[in-house]
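Subject: Structure handover

Hi,

Here is the structure I promised to pass on. Please open it alongside this email, and my notes follow below.

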Amino acid sequence: MNILMIGAGRMAEAIISGLMKQNNNLRLTVANQTDDVKRLELAKKYNINETSDWRTAVEQSDIIISAAPPSAHEGLFQELSPLINKQLVITVAAGIDTTFMQGHLPEGTPVCWIMPNTAAQLQASISTFVCGHYVTNEHRQIIEMILAAIGDYEELTEEQVHDLTAVTGSAPAFLYLFCEALEKAAVSYGISQEQARKLVTKMVAGSAQMLEAGYPPSDLREQVTTPGGSTAAGVSVLNEGNFTELIGAAVKATNEHARGRKN
Ligand SMILES: NC(=O)c1ccc[n+]([C@@H]2O[C@H](COP(=O)([O-])OP(=O)(O)OC[C@H]3O[C@@H](n4cnc5c(N)ncnc54)[C@H](OP(=O)(O)O)[C@@H]3O)[C@@H](O)[C@H]2O)c1
């Protein structure tokens, strides 16, 4: 199976790296426009083909994945349209949904919109995805193989992929902000930045493991929060600051901003 990857940035590398680790019978070609150094580096590192002109690799490709910026897609699909013949086209670009893809590619083109997150670099993404009208079961197997190469995944409706990108894609930034704040608080008690980083990182990793073990977050919170105890005093400060509403407002603002752009 021949896969053409358009884009040679962070997300392209995450997918290439995951696919090559899966050791499937794949032939990958990576393409970008300007950064020859990065493209050649990826080709060498993963022992794959490369080209500075993706157009030349379309005909022999079975699957075309775009990891180019959202703003490049209109032009990209315009150029791709006369060259494709029912190949599966996948994009990981924010906001480039299947309605957009089907509207800009020839009638009958099978398309899929995948929204991974930054942890794809460690094959630990939780990705959401939605398939277009012409995706067959065979295509779906390929899509799931690509998704599994970068972590775990959940199929949603197009609207849900839009709305949940704030939670899966942007909320890692909310969590990192929380970690920065905790590190700052830890350092204020006289430990080094390095020690603070270790304490916070291990606390988050352990908490994530508890969640992954299947305990609901509310149960876990209650386990730690003895009524009238010291953790309860801290939690009540967060509640007084409307922590839950604040997170809801952050999700809403992220979605409102995402809906208003294609760049
Ligand atoms: N990074 C993430 O965590 C993340 C998460 C979810 C979704 N995404 C999506 O993934 C896509 C890539 O993100 P990234 O973080 O990997 O960005 P990036 O590191 O900036 O990479 C973008 C790549 O696209 C190439 N490119 C730009 N315009 C092109 C064109 N017209 N034709 C061919 N290649 C082109 C760039 O290379 P040249 O400039 O050399 O051509 C570069 O290799 C974006 O659409 C983004 O929305 C990223």
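Glu-50 is partly exposed, with a relative accessible area of 32%. Please keep in mind that this is a predicted model. Glu-50 forms a salt bridge with Arg-39, and the closest N and O atoms are 2.8 Å apart. Glu-50 sits in strand E3 (residues 49-51) and Arg-39 in helix H2, so the pair ties together parts that are eleven residues apart in sequence. Arg-39 is buried, at 5% relative accessible area.

Salt bridges

A search of the whole structure finds ten salt bridges. Side chains of opposite charge can pair when their charged atoms come close. Two further pairs deserve a look.

Glu-13 and Lys-38 meet through their side chains, at 3.1 Å from N to O. Glu-13 counts as buried because its relative accessible area is 14%, under the 20% cut-off. Lys-38 is partly exposed, at 22%. Both residues also belong to a network of salt bridges, in which Glu-13, Lys-38, Glu-41 and Lys-45 are linked.

Arg-197 pairs with Glu-183, with the closest N and O atoms 2.5 Å apart. This pair links distant parts of the chain: Arg-197 is in helix H7 (residues 193-212), Glu-183 is in helix H6 (residues 158-187), and they are 14 residues apart. Arg-197 is partly exposed, with a relative accessible area of 43%. Glu-183 is buried, at 10%.

Annotated binding site

Which residues does UniProt place under "binding site"? The unreviewed entry gives Ile-6, Gly-7, Ala-8, Gly-9, Arg-10, Met-11, Ala-67, Ala-68, Pro-69 and Pro-70. They are spread over 65 residues of sequence, yet they cluster in space, with a largest C-alpha distance of 14.2 Å. The lining of the second largest pocket takes in residues from this set, including Ile-6, Arg-10, Ala-68 and Pro-70.

Now for two of these positions. Ala-68 is in the loop between strand E4 (63-66) and helix H3 (73-80). Pro-69 is found in the loop between E4 and H3 as well. Are they buried or exposed? Ala-68 is buried, with a relative accessible area of 14%. Pro-69 is partly exposed, with a relative accessible area of 48%.

Leaving out residues up to four places away in sequence, Ala-68 touches Ile-6, His-73, Leu-76 and Ala-93. Ile-6 is itself one of the annotated positions.

His-73 lies in helix H3. His-73 is buried, at 0% relative accessibility. Neighbours within four places in sequence aside, His-73 is in contact with Ser-66, Ala-68, Thr-91, Ala-93, Ile-96 and Phe-100.

Two domains

The domain assignment gives domain 1 (2-155) and domain 2 (163-259). Their C-alpha centres lie 33 Å apart. The contact takes five residues from domain 1 and five residues from domain 2. The size of an interface is often given as the accessible area lost when the parts come together. Here, domain 1 and domain 2 bury about 410 Å² between them, 66% of it on carbon and sulfur atoms. How many salt bridges are there between domain 1 and domain 2? The count is zero.

Best wishes

Methods:
Residues are numbered from 1 along each chain as its sequence is written. This is a predicted model: local features need pLDDT of at least 70, side-chain atom pairs count only at pLDDT 80 or more; totals for chains, interfaces and linings use all residues. Side-chain values use heavy atoms; hydrogens and water are left out. UniProt positions are given in the numbering used here, feature names are shortened, and annotations may be inferred rather than shown by experiment. On a 1 Å grid over the protein atoms alone, a cavity is a set of points where a 1.4 Å probe fits but cannot get out, and a pocket is an open set with protein on both sides within 12 Å along at least five of seven lines; lining residues have an atom within 4 Å of a point. Helices (H or I, at least four residues) and strands (E, at least two) are DSSP runs, numbered from the N terminus. Buried means under 20% relative accessible area, exposed over 50%, partly exposed in between (1.4 Å probe, protein chains only). Contact means heavy atoms within 4.5 Å. Domain bounds come from an automatic or database domain assignment. Buried area is the accessible area (1.4 Å probe) that two parts lose on being put together, summed over both. A salt bridge is a side-chain nitrogen of Lys or Arg within 4 Å of a carboxyl oxygen of Asp or Glu.
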